[in-house]
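Colleague: I am new to this structure and would like to go through the terms with care. Could we take the wording one piece at a time?

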Amino acid sequence: MTFTDQHRREAGLALKFGAVGCIGFITDTTILKIGVAAGFAPAAVRIVSLLVAMQVTFLVNGLVVFRCLDARRAPRQWACYMGSNGVGNFCNYWIFLGLISSDLPIVSGKLAALAIGSLTAWAINFIGARIFAFGEKGLLISLMNRARGRVCEPCATEGPAPLVSARVGRLGPRL
């Protein structure tokens, strides 16, 4: 694979990851709206809606975008994904608060602060998912396996694969 092909592939993954983020946003807002309409406190429903949205994006990213959600490695992939998304969400929140409380022109506006915080979170979440959770060799998973004397198999992010492989079982369709 040439350098340009590799960049195109990464850009495609980043765009798909962003589209999955939109699915997560729709999931998040739908659950939030239903919960509030049912009479629950917005702060409590927000925690539930965010957690559900993170689970949805984990599954869609693992099955469709990175195509390497593996039954055998799913708990570690999930933990890495939730951890990196937690860092991204934390940064999003604090960047937003910091910018709206500043007196800086343009960026102290709520929409600008939301956009900057969200873009930062998207980058952190993509890098975390790409490297730690679903990386071709899964950096964190690879380090854990090496510590145990095993080498982690790379994720297949190209080409078709069956719904369930003969190995311990890949989850979901390959698109």
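Modeller: Let us begin with the helices: helices (H or I, at least four residues) and strands (E, at least two) are DSSP runs, numbered from the N terminus. Asn-92, for instance, lies in helix H3. This is a predicted model, in which local features need pLDDT of at least 70 and side-chain atom pairs count only at pLDDT 80 or more, while totals for chains, interfaces and linings use all residues. Residues are numbered from 1 along each chain as its sequence is written, and side-chain values use heavy atoms, with hydrogens and water left out.

Colleague: Why is Asn-92 called buried?

Modeller: Buried means under 20% relative accessible area, exposed over 50%, and partly exposed in between (1.4 Å probe, protein chains only). Asn-92 has 17% relative accessibility, so the residue counts as buried. Contact means heavy atoms within 4.5 Å, and, leaving aside neighbours within four places in sequence, Asn-92 is in contact with Gly-117, Ser-118 and Ala-121.

Colleague: What makes Phe-90 exposed?

Modeller: Phe-90, also found in helix H3, has a relative accessible area of 53% and is therefore exposed. Together with Tyr-93 and Trp-94, Phe-90 forms a nonpolar patch on the surface, with about 380 Å² of accessible area. Such patches are made of residues with over 30% relative accessible area and no salt bridge, where like charges are joined within 9 Å and nonpolar side chains (Val, Leu, Ile, Met, Phe, Trp, Tyr) within 5 Å. The accessible areas come from the Shrake-Rupley method with a 1.4 Å probe, and for residues only the protein chains shown count as cover.

Colleague: What makes a set of residues a nonpolar core?

Modeller: A nonpolar core is a set of buried Ala, Val, Leu, Ile, Met, Phe, Trp, Tyr and Cys residues joined through side-chain atoms within 4.5 Å. The largest one here has 19 residues, and those with the most contacts inside it are Phe-66, Tyr-81 and Phe-134. Helix H1 (3–37), H2, helix H3 (74–101) and helix H4 (110–133) each supply at least two residues of this core. Among the contacts of Tyr-81 beyond four places in sequence are Phe-17, Met-54 and Phe-134.

Colleague: Why is the contact between Asp-28 and Arg-46 called a salt bridge?

Modeller: A salt bridge is a side-chain nitrogen of Lys or Arg within 4 Å of a carboxyl oxygen of Asp or Glu. For Asp-28 and Arg-46 the N to O distance is 2.5 Å, and the side chains meet in a salt bridge. Asp-28 lies in helix H1 and Arg-46 in helix H2, so the pair ties together parts that are 18 residues apart in sequence. Asp-28 has a relative accessible area of 9% and is therefore buried, whereas Arg-46, at 36%, is partly exposed.

Colleague: How many salt bridges are there in the whole structure, and how do you know that Arg-8 forms one with Asp-5?

Modeller: A search of the whole structure finds 5 salt bridges. For Arg-8 and Asp-5 the closest N and O atoms are 3.8 Å apart, which meets the definition. Both residues lie in helix H1, 3 residues apart, about one turn of the helix.

Colleague: How many disulfides does the search find?

Modeller: A disulfide is a pair of cysteine sulfur atoms within 2.5 Å, and the search of the whole structure finds 0. Cys-68, at 0% relative accessibility, counts as buried, and Cys-80 is buried with 8%.
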